[in-house]
Amino acid sequence: MKRILSIDGGGIKGMFPASFLATIEDSIGDRVANYFDLIVGTSTGGIIALGLGLGFSAQEVATFYEDLGAKVFSGNVILRGIRQLIFAKYEHAQIKNALQAQFGSRKLGESTNRLVIPALNLETGEVHIFKTAHHPRFERDYKERAVDVALATASAPTYFPAHLLPSGTPLVDGGLYANNPVGLAAVEAIAVLEWPRESLQILSIGCTTTPISINLARRSGLGYFYWGPRVAEVFMTAQSSVSYGMAKLLVGPANLIRINPTMENGRFSLDSTKQTRSLKGLGSTEARKLYPDLKERFFSTPADQFIPYKNFKVNFK
């Protein structure tokens, strides 16, 4: 059996999956990363995936998120909103400094888990997916700094500027095409790693969702001023539905568990830290409720050790 963890993007709402996993970790008395053969994460989920792969406990990741919100998503809300009309709402410096303090100079190749973390290349319009060296074809990504990978996957347009890799490649948030990366996870497992589909168990964790808030448009042919602020919400919902449906077709519905509580509109936002404690509590509550069902499928025995084809520590002493 091969077990896969998939974590959605969602800004500061990443506190929900981080808290969920921290509670599971407390129940099993071991790092959750030790129980997965592949971890796939987008944007905030990509940061969580990096943290888990680099040996941090889920509790340490959750604590990091509490600190991250205070350091990055601070300042006058009105002024931030005005700034966002012309420039990115936040500068890179705060999130870069926070990630640097957490990951230092560590490289993607130091991960003890197979990782898949999507971004998008603004120069070419092509997908740019960071991967550990879990296949002979993956020759370069393991050399990338974890900080660069994290900044690339989390540089959501209008919120942060594009992130330039040391090579000069401009990258933005992988959530533009894979905010829910569970379909990407299933494809990686079956098409790249060639794991039998019947052997897969996938745990997909979102950052909470809300019903689509499209009301007038259902009856009227409204234009830009109505659709403009809402199109991202509709796009993200549609992408998540397609990704989930793809994964179900590839691995079978019985082999996929999706955890993504539906909340009322406006309950949580991508960059509001006011509800961080509520997200933390919600994650803990959901984990406590679902752990008995998840234990046998995901947390009964640790996964086999990941031995990469390329290893940073071996090749770059």
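**Core, helix packing and backbone**

Author: Leaving aside neighbours within four places in sequence, phenylalanine 299 is in contact (heavy atoms within 4.5 Å) with Arg3, Ile24, Ile28, Val32, Tyr35, Phe36, Leu203, Tyr291 and Leu294. This is a predicted model, in which local features need pLDDT of at least 70 and side-chain atom pairs count only at pLDDT 80 or more, while totals for chains, interfaces and linings use all residues. Residues are numbered from 1 along each chain as its sequence is written, and side-chain values use heavy atoms, leaving out hydrogens and water.

Reader: Which residues touch the most other members of the largest nonpolar core?

Author: In soluble globular proteins, nonpolar side chains tend to be buried together. A nonpolar core is a set of buried Ala, Val, Leu, Ile, Met, Phe, Trp, Tyr and Cys residues joined through side-chain atoms within 4.5 Å; buried means under 20% relative accessible area, exposed over 50%, and partly exposed in between (1.4 Å probe, protein chains only). Here the largest core has 63 residues, of which Leu21, Leu52, Leu203 and Phe299 touch the most other members. Helix α1 (residues 15-28) supplies the largest share of this core, eight residues. A second, separate core of 15 residues includes Val40, Ala189, Trp195 and Leu200.

Reader: At what angle do α1 and helix α11 pack?

Author: Two packed helices are described by the angle between their axes and the distance between the axes. Axes are lines fitted to C-alpha atoms, for helices over the stretch in contact, and angles run from 0 to 180 degrees between N-to-C directions. Helices (H or I, at least four residues) and strands (E, at least two) are DSSP runs, numbered from the N terminus. The angle between α1 and α11 (residues 276-298) is about 45 degrees, with the axes 7 Å apart. The two helices are therefore oblique to each other; angles under 35 degrees count as roughly parallel, over 145 as roughly antiparallel, 65 to 115 as roughly perpendicular and the rest as oblique.

Reader: Where does threonine 208 lie, and is it buried or exposed?

Author: Most residues other than glycine have a negative phi. Threonine 208, in the loop between β7 and α9 (224-227), has a positive phi of about 80 degrees. At 9% relative accessibility, threonine 208 counts as buried. Glutamate 194 also has a positive phi, near 60 degrees, and lies in the loop between α8 (182-192) and β7 (200-205). Glutamate 194 counts as exposed, at 64% relative accessibility.
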